[in-house]
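Colleague: Could you walk me through reading side-chain pairs and helix packing in a model like this?

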Amino acid sequence: MPPAELIPVLLRAGVEFPRGVLGDAAWDLARVTHVDEEPPIEAIVRVSSEHWSDLREAIGASLRRAEESGTAELDSLIALTEDDDPSNPLALALAEQAGRALAGILERASARMATLPGTTDAGLILGAAGAIAADCLDLSSADFEDEIETYLRAGETPAALRDLARDSGDAELRAWAHEALDELDRRDLVEGISRLRAIVSGAGVPADAADDLLWVGVVTSLAEEAIDIALAAEVSRAATEGPEGSA
């Protein structure tokens, strides 16, 4: 099966190169993919060559877990993780998907930045920064479900938000979020991101997560995502149950 045809299979199985470790070649591929949509095979091979040897065992473990959960018949892909050639179809598919995932981040980050020129609303600025950082790290509200639920039950007050930041943001994770925003700035991948980064980053990662403006933006964005998901589920359930079910 050609590498491009493996990408939907990998997406259904939830298997990909982790975004947090993707290096120079992957961001270069993302930029090309963002502009041209169909990246050259040479750029895909560079990503595969950079990451396959270090990640193929982890990818194999992920594929085995997916197979055990009944996601799909993945035996042929699991076998490819034994091949150390970075040009094998699985390695190339993962590399191409990594470029497409990062290209999506660039698209969404650019759209978020486009809403900010001229605004002085701190909430909008922090929300955009947090959403971009969470996207770079592939974080979702499900990653912090318990902490977000506690925050919502506490009434979404400023004090509850500080507690949410402390409960969810250890120093390593917050440093990772800052590095993700720095990466976009360092590579000049998103117009205006340097100004946004300067606003939310300050002099580094604060000791207290509640004082880390970028992390507060991340968890606020994730909490809003959780609310949107819950409201959508409520509407869907009401539509399915009908008048009798809602009585």
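Predicted model: local features only at pLDDT ≥ 70, side-chain atom pairs only at ≥ 80, totals over all residues.

Colleague: Which residues form the aromatic pair?

Modeller: In general, a pair of aromatic rings is described by the distance of the centres and the angle of the planes. Here F144 and W215 sit edge-to-face, 6.0 Å centre to centre with 85 degrees between the planes. The rule for Phe, Tyr and Trp (its six-membered ring) is centres within 6.5 Å, with planes under 30 degrees apart stacked, over 60 edge-to-face and the rest tilted. F144 is in the loop between α6 (122-137) and α7 (145-153) and W215 in helix α11 (residues 213-246), so the pair ties together parts 71 residues apart in sequence. Helices are DSSP runs (H or I, at least four residues), numbered from the N terminus.

Colleague: And how many salt bridges are there?

Modeller: Side chains of opposite charge can pair when their charged atoms come close. The search finds 17 salt bridges, each a side-chain nitrogen of Lys or Arg within 4 Å of a carboxyl oxygen of Asp or Glu. One of them joins R187 and D24, closest N and O atoms 2.1 Å apart. R187 is buried at 13% relative accessible area, whereas D24 is partly exposed at 43% (buried is under 20%, exposed over 50%, partly exposed in between; 1.4 Å probe, protein chains only).

Definitions and conventions: Residues numbered from 1 in each chain as written. Heavy atoms only, no water. Helix = DSSP H or I, 4+ residues; strand = E, 2+ residues; numbered from the N terminus.
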